[in-house]
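User: I would like to go through the charged side-chain pairs in this model and understand the reasoning behind each label. Please set each value against its cut-off.

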Amino acid sequence: MVDFIDERFSLLDIEGTRVSDFWAIRWPKFREYFGDRAVLQERITDKTLADWTAGLEYFAEQVRLRFRADRIILHRARWSELLLMPDGTTQYFKSSNVRRQIFQLNVLLDVYFDLFARTLPEARMIEVDRQFLYGDPNHRWSIEPYHDIGDCYREPRSQLRRLVDGDRKPGAACAVVA
């Protein structure tokens, strides 16, 4: 299963290798070891997209060597645009910067999903229905557009279970289409 959840982070270029700039990378030991060799790069640039596309081509080649392409499942995860409040109402994230970032990264994810589908057309996809795509204002880690309500996690698990169960039945077709 492929999921682009870490595509939300900026990138660090470390001597030609890119890694996601996430919390563990901020540990003092990491920064001390790599120092100035770790250079921050923005995710949304023409060069980054070109490099990502080239990496996808390589990924597809390697995956096809190891698996049947119809065994690859893409989880089309998106960022939540709204919070589901405890009283059942919804509200946008307060910061206009966060709302802009949500929009930009969802557009980028759509580009990635489209490129992935064209590169591995035999791959199957699961996607959370928008009725479940809400941020959780009481999430135990933090209020973020990628920390969702419980149904947003249960729904893809349910879809994945149906895919796997369908594969166990001779001649069964996949019922989940995104």
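User: Why is the contact between Arg-78 and Asp-110 called a salt bridge?

Analyst: In this predicted model, the side chains of Arg-78 and Asp-110 come to 2.6 Å, N to O; the cut-off is within 4 Å, so the pair counts as a salt bridge. Arg-78 sits in the loop between S5 and strand S6 (82–84) while Asp-110 belongs to helix H3, so the pair ties together parts that are 32 residues apart in sequence.

User: What makes Arg-78 buried or exposed?

Analyst: The relative accessibility of Arg-78 is 12%, and buried means under 20%, so Arg-78 counts as buried.

User: Why does the pair of Glu-122 and Arg-64 tie together separate parts?

Analyst: Their side chains meet in a salt bridge at 3.3 Å, N to O. Glu-122 lies in the loop between helix H3 (96–119) and strand S8 (124–127) and Arg-64 in helix H2 (residues 46–66), so parts 58 residues apart in sequence are joined.

User: How many salt bridges does a search of the whole structure find?

Analyst: The search finds 8 salt bridges, and Arg-18, Lys-47 and Asp-51 are linked in a network of such contacts.

Note on methods. Residues are numbered from 1 along each chain as its sequence is written. This is a predicted model: local features need pLDDT of at least 70, side-chain atom pairs count only at pLDDT 80 or more; totals for chains, interfaces and linings use all residues. Side-chain values use heavy atoms; hydrogens and water are left out. Helices (H or I, at least four residues) and strands (E, at least two) are DSSP runs, numbered from the N terminus. Buried means under 20% relative accessible area, exposed over 50%, partly exposed in between (1.4 Å probe, protein chains only).
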